[in-house]
Amino acid sequence: MSTPATSPSASTTPKPYEPATPAMAATSTAIVGLQWGDEGKGKIVNLLTDRHDAIVRYNGGANAGHSVVVKGERFALHLIPSGIMHADKPAVVGPGVVIDPEWLLKEVAGLRKRGVGCENLVISDHAHVVMPWHKLEDELREAFLSANSVEPIGTTRRGIGPCYADKAQRSTAIRIADLLRPEVLSQKLATIVPFKNAVLAAIARPGSTFVPYDHRTLLEQFAALGEQLRPFVTGASKLLLDMAHSGKSILFEGANATLLDVDHGTYPYVTSSTCSALGAPAGAGVPFTCVRSILGVMKAYSTRVGGGVMPTELINSDADRAIADGIRQRGREFGTTTGRPRRVGWLDLVAVRYSARLNGVHGLCLMLLDVLAGVDTLMVADRYEVDGSPTNTFVPDAHWLAGARPIYRSFPGFSADITAARSLRELPTQARTYMEFIEQTIGVPIRFVSVGPDRAQTIEC
Ligand code: GDP
Ligand code: IMO
Ligand code: MG
């Protein structure tokens, strides 16, 4: 008997996968920074909260500083989502965030004093707690690098890295839920406190006297903080998941930025979370099919705070430093969180194109365009020279980046004050040419142009 030939038949040919109608129908949006932070995410998030049903911070901690200016009044938010002023929308601090409870409560009190009630604030019980030893370890590690002639990360000293490290360690981590159950908190502290005391005594600076942490004192302090947080800790995970599955639209507020992403940024000069849009579903606790639209926020130039290479930094001559100083003053380029002067450089489109591709952004928000008024010639890097050859590839690695030399194109600048412009037609031709080059190089349209800090100073394209 002959065996039948095994030619592909209609029933065995694999069919292309046809996805079912997406369960998440709404227009949920993720807002992410495409550079090294401080791109103006807070302003865009505040602006777009109106168009969503809820807002969620999914990563980072009090290392973030998001400014919102409404009718001339400036708010600086660190842990609380930038949409908190919209009292009818839940403003969620998601499970992917690391929370310093004292800092959070201080922020709530500060907002309440200014008439923002924070009744819509929701805190995930799964978020991790930044403990005092995290901040101390953050400081000690930075000091250790300096003492050993290694460029420090330049952290915000908010304990972010050590807290995320403990989250991954598990046995030395504390979650918000633990603060609400004193017996659980007590049990955890019973093992964590001696462990941290031993480690910190060993790594404390020579000559400094490390004062060991005391179990009882911490238990009292953190159980009391837990009580103050209790009204806000109301099932964030269920709330977001229910909203996602019932077609409600969620606004995901990225903190820090893509080039600071722990996996995809300029490692090791990065922060410790997934700040790109890739971290949004995980850090909020919703399916990734829920994130329907991604907006990348970028400055019209570059800034960076802390250590690490910045290829287009304006630092190599007096003339460069004068341009940087002008931009720094006009753009108020001093950290919202630490007050540190930000390093300033020309727009680096090799880096931004990489970030836009990694995030898969649908649209760009071009911020602080007004700050460039008065700069005679605008330089933009659209390629690097690496090992003698030009490339538009960006490798997210500090060592590789140290060998990259920017190749610039120049554009005529504009001198007019554009802060009152409310349509593209009102922008000088030079500004529009600059914008067109950005769109062409990145291959993504600009959706918002920002010409001043106030939410009204925005052009929607
Ligand atoms: P974020 O961390 O991305 O939210 O950004 P930050 O709030 O830390 O830094 C952005 C700074 O620029 C803040 O001081 C904003 O108020 C300000 N800002 C935002 N957009 C504009 C703009 O278009 N023009 C000017 N001049 N300032 C802006
Ligand atoms: P927003 O959300 C600018 C930088 C720090 C440092 C590095 C690691 O306001 O854009 P960390 O304290 O996180 O361990 O510091 O990351 N950094 C930021 N720089 N804006 C931020 O947030 C930042 N968050 C962290 O300066 O170089
Ligand atoms: Mg900031």
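How many residues surround ligand 2, and which are the closest? In this predicted model, 20 residues surround ligand 2, the closest being K41, H66, T156, N256 and T271, where a residue counts as near a molecule if one of its heavy atoms lies within 4 Å of it. Local features need pLDDT of at least 70 and side-chain atom pairs count only at pLDDT 80 or more, while totals for chains, interfaces and linings use all residues. Residues are numbered from 1 along each chain as its sequence is written, chains are lettered from A and ligands numbered from 1 in the order in which they are written, and side-chain values use heavy atoms, with hydrogens and water left out.

**Ligand 2**

- Among the polar contacts (pairs of N or O atoms within 3.5 Å), an oxygen atom of ligand 2 lies 2.8 Å from a polar backbone atom of D38, and an oxygen atom of ligand 2 is 2.8 Å from an N or O atom in the side chain of N63.
- H66 places a polar side-chain atom 2.7 Å from an oxygen atom of ligand 2; ligand 2 taken alone exposes 550 Å², of which the protein buries 98%, the areas coming from the Shrake-Rupley method with a 1.4 Å probe.
- The shell around ligand 2 divides into seven nonpolar, ten polar and three charged residues, with Asp, Glu, Lys and Arg counted as charged, Ala, Val, Leu, Ile, Met, Phe, Trp, Tyr, Cys and Pro as nonpolar, and the others, Gly among them, as polar.

**Ligand 1**

- Of the 20 residues around ligand 1, those that come nearest are K41, G65, S67, D370 and S450.
- An oxygen atom of ligand 1 is 2.7 Å from a polar backbone atom of G65, an oxygen atom of ligand 1 is 2.7 Å from an N or O atom in the side chain of S67, and for the side chain of R342 the corresponding distance from an oxygen atom of ligand 1 to an N or O atom is 3.3 Å.
- Taken alone, ligand 1 exposes 580 Å², and the protein buries 96% of that.
- Helix α1 (41–49) and strand β3 (66–70) each supply at least two residues of the shell around ligand 1, and α1 gives the most, with three residues; helices (H or I, at least four residues) and strands (E, at least two) are DSSP runs numbered from the N terminus.
- By class, the shell around ligand 1 holds five nonpolar, eight polar and seven charged residues.

**Salt bridges**

- The count comes to 21 salt bridges, each being a side-chain nitrogen of Lys or Arg within 4 Å of a carboxyl oxygen of Asp or Glu.
- In one of them R114 pairs with E73, the closest N and O atoms being 3.2 Å apart; this pair links distant parts of the chain, 41 residues apart, with R114 in the loop between α2 (101–113) and β7 (121–123) and E73 in strand β4 (residues 73–77).

**Backbone geometry**

- Most residues other than glycine have a negative phi, and most peptide bonds are trans.
- The peptide bond from Y267 to P268 is cis, with omega near 5 degrees, and P268 lies in the loop between β9 (250–253) and α9 (280–284).
- R157, a residue other than glycine, has a positive phi near 60 degrees and lies in the loop between α3 (132–147) and α4 (160–169).

Conventions: Polar contact = N/O pair within 3.5 Å; in protein donor to acceptor, adjacent residues only side chain to side chain.
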